[in-house]
Amino acid sequence: MKNLTRRSFVKGMAATSVVAMGSVNLNAGILNQQSSKINSISDEVEVLSGKIFNLNIGKNIVNLTGNPAIATTINNSLSGPTLRWREGDEITIHVTNHLKEDTSIHWHGIILPPHMDGVPGISFDGIKPGSTFTYKFKVVQSGTYWYHSHSGFQEQTGVYGAIVIEPKSPNPYKYDRDYVVNLSDWSDEKPEKVYRKLKLKADYYNLKQRTVSDYVDDIKEKGFFGAFSSRKMWNEMSMTDRDLSDVTGATYTYLMNGKNPNSNWKAIFKANEKVLLRFVNCSAMTFFDVRIPGLKMTVVASDGNNIQPVSVDEFRIGVAETYDVIVEPKEKQAYSIFAQSLERSGYAVGSLTYDKNIEAKVPSMDEAQALTHSDMGMDMSNMDMEGMDMSSMNMNDAISNNKEDKQVAMAGMKMSKKMDMSGMNMPKKMDMAGMDMSTKMPMSKMDMSQKMDMTGMDMSGMHSSKKMNMSDTKKTAMNMSMNNKSKIIPITKLEEDSGPQSTMRVASPQYRLDDPGVGLRNNGRRVLTYADLKSLTPTTHDAYPDREIILRLTGNMERYMWSINGIAYEDAKPLEFKYGERLRVTYINDTMMNHPMHLHGMWSDLETGDDNYLPKKHTIIVQPGSKISFRVNVDAMGSWAFHCHLLYHMGGMFRKVRVS
């Protein structure tokens with residue numbers, strides 16, 4: 001098995017265990033960590049249905065790695081019970097806190113009144129030790145969702161579960177049986193300790209750092225100066241191109257429905273059945289790349305909302321997202337449900353099988369891919385510029401005057417296709433060292449007698465993760481710009497966008513909706529992208545946005561500080577939304593991390609370039625060095641949370657939204 005460390009092997013050999021208080025020899029250290037009554041834990045995820053529910057949050061001992069550890073659980077279950085509701089019903093949920101600290105439950109993606117949303121400090125005071133809080137609201141939607149604690153780090157220690165809401169009207173697709181597939185990450189370390197290590201050294205859990213041999217390989221590929229310039233660029237940002245995930249398999253064991261890889265959770269099918277798999281990413285910090293080797297997956301819903309079916313081999317599910325897929329397994333064959341972490345440090349796995357005693361063979365993990373210039377918003381290496389007339393382009397107009405932008409080098413940039421630059425107005429002093437123009441590039445009419453300095457050159461609107469077909473504007477940044485120009489939308493500046501906690505700034509962020517992301521590019525499989533998501537219900541006549549706000553996702557990796565517009569939550573004013581308005585929100589990711597952004601209380605209509613079928617989502621992944629936009633009908637009065645859903649980012653990359 002590829003990339004399997006000794007520690008991962010030991011983890012894999014340890015089966016998921018159910019441990020009662022008196023059945024294991026716990027050392028004093030673990031006992032001292034515990035401040036509440038410890039119970040035994042259920043082996044299977046409980047399923048509850050109806051209109052009235054009772055949830056009890058307490059402490060349990062679990063053994064997922066070969067060592068006992070303390071989990072915070074719901075109804076003695078890890079993950080918590082799956083709740084099955086019906087659209088149109090009024091639901092009552094009594095949540096009792098058996099801990100010695102406050103707790104809470106947030107109903108992720110559920111449209112409800114703000115005082116039922118479950119976010120302490122925003123919409124209610126939390127649930128005090130020994131007390132019961134009753135949530136009551138009408139269910140106005142259907143699909144696959146989830147719930148989790150919004151108190152401290154309890155989500156990391158086990159307070160989460162799935163929600164399945166049956167629709168009033170039948171779904172537009174048929175299936176014979178369905179399963180919830182909860183994906184999560186578990187660490188025996190207390191989350192406070194994990195966070196402290198990240199604050200001391202942001203790459204503490206990154207065990208795949210670059211080596212001398214990697215640099216030698218770079219020199220072979222790019223030449224000495226190209227490799228040196230590339231390294232210099234990353235060093236100036238205090239990052240490496242392998243900073244893919246903050247927390248990895250160095251401490252995490254990845255779970256599927258609460259079971260570790262050795263336990264291999266199973267979903268049973270019969271011949272000729274269609275099986276609906278409801279994938280929910282309940283993890284604290286992990287993006288999973290999901291595939292079922294040997295089976296096509298038809299994606300029929302995203303974040304609880306039905307979409308036009310898309311057939312894929314693989315999809316990436318970010319933290320807090322949900323995807324529903326239909327598969328049609330063949331008779332008497334077992335299939336691996338394989339979810340590898342983005343940085344390829346481990347995986348969660350189960351079997352789709354005809355016999356509970358038969359498991360599928362586990363595939364090898366893919367090799368980890370490094371971040372590229374594309375992930376800094378400045379790559380053109382895959383852009384097909386053949387036949388593109390640039391004779392009237394004034395390069396002086398494309399050069400950024402931003403001093404910070406000029407720090408971004410263009411070394412290693414390739415323009416290897418037939419790029420006719422004859423007659424092109426170039427500024428003086430253009431330094432093109434390190435720029436590969438070695439193939440079929442007519443330059444006979446171009447005056448190269450002056451140095452060409454392309455440092456800080458703004459190439460916005462000229463990137464695509466695939467070879468760009470200039471006639472296909474639905475999936476490109478160019479189309480997004482054209483849509484924006486069809487009506488003038490005033491931009492509201494809510495606060496300064498270069499606060500003290502921002503140490504990076506992307507020169508040319510791009511819409512990359514058809515880019516599956518680092519680790520999934522050019523892997524030979526059909527991978528789902530946001531450009532594939534189209535709602536079933538037409539949105540052609542939806543109101544156009546009244547105004548736009550731009551939020552930069554910012555950070556300081558050296559100090560492990562996360563923020564929006566360079567301002568941490570504790571120093572920020574609330575975002576003011578106007579009740580009844582149609583708003584566009586544009587994210588610009590100035591960091592090299594993926595951020596799953598979640599707006600509570602209202603749907604986010606993702607701008608995919610096709611205004612006719614905007615998909616509704618509750619969580620939107622913002623790729624490194626990119627930008628992405630959504631529209632929202634501001635139809636929910638009150639105060640709401642708005643944040644990155646990576647647990648250790650949430651403290652700073654968070655805003656309170658006030659709708660009035």
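**Figure 1. The whole chain, seen by its surface and its elements.** The chain exposes about 27000 Å², and carbon and sulfur atoms supply 49% of that area. The model shown is predicted. Its secondary structure comes to 7 helices and 35 strands. Of the 660 residues, 58% count as buried. Take the contacts in the chain with a separation of 6 or more: residues 24 or more positions apart account for 77% of them.

Figure 2. Strands of a sheet pair through backbone hydrogen bonds, either parallel or antiparallel. Strand β6 covers residues 82-86, and strand β3 covers residues 47-49. These two strands pair in the parallel sense over 3 bridges. Look for V47, which stands opposite T82 in β6. Strand β11, residues 160-166, also pairs with β6 in the parallel sense, over 4 bridges. Here R86 has E166 in β11 as its bridge partner.

**Figure 3. An open sheet of 5 strands.** The strand order is β14-β22-β21-β16-β19, and the pairing is mixed. Strands β14 (265-268) and β19 (314-317) stand at the edges. Each has a single partner strand, so one side of each is left without a neighbour in the sheet. From one strand to the next, the twist averages 20°.

**Figure 4. Helix α3 and its buried residues.** Helix α3 runs over residues 191-200, and its buried residues are P191, V194, K197 and L198. They cover an arc of only 120° around the axis, which puts them on the same side of α3. Strand β12 (177-187) is included in what covers these buried residues.

**Figure 5. The largest nonpolar core, and another apart from it.** In soluble globular proteins, nonpolar side chains tend to be buried together. The largest nonpolar core in this model has 109 residues. Those with the most contacts inside this core are L183, L277, F279 and Y587. Strand β12 gives the most to the core, with 5 residues. Which residues does F279 touch, not counting those up to four places away in sequence? They are V181, L183, V290, F315, I317, E321, T322, Y323, V325 and I337. Apart from this core lies another, of 27 residues, among them I57, V95, I127 and Y147.

**Figure 6. T96 in strand β7.** T96 lies in strand β7, which spans residues 90-97. Is T96 buried or exposed? Its relative accessibility is 18%, and buried means under 20%, so T96 counts as buried. Leave aside its neighbours within four places in sequence, and T96 is in contact with L55, N56, I57, S131 and T132.

**Figure 7. M285 in a loop.** Find M285 in the loop between β15 (275-281) and β16. At 5% relative accessibility, M285 counts as buried. Leaving aside its neighbours within four places in sequence, M285 is in contact with residues including D185, D246, V247 and Y252. V319, Y560, L646, L647, Y648 and H649 are also in contact with M285. How many residues apart in sequence are M285 and Q156? They are 129 residues apart in sequence, and 8.7 Å apart in space, C-alpha to C-alpha.

Methods: Residues are numbered from 1 along each chain as its sequence is written. This is a predicted model: local features need pLDDT of at least 70, side-chain atom pairs count only at pLDDT 80 or more; totals for chains, interfaces and linings use all residues. Side-chain values use heavy atoms; hydrogens and water are left out. Two strands pair if DSSP finds at least two bridges between them. Buried means under 20% relative accessible area, exposed over 50%, partly exposed in between (1.4 Å probe, protein chains only). Contact means heavy atoms within 4.5 Å. Accessible areas come from the Shrake-Rupley method with a 1.4 Å probe; for residues, only the protein chains shown count as cover. Axes are lines fitted to C-alpha atoms, for helices over the stretch in contact, and angles run from 0 to 180 degrees between N-to-C directions. The arc is that of the directions from the helix axis to the C-beta atoms. A nonpolar core is a set of buried Ala, Val, Leu, Ile, Met, Phe, Trp, Tyr and Cys residues joined through side-chain atoms within 4.5 Å.
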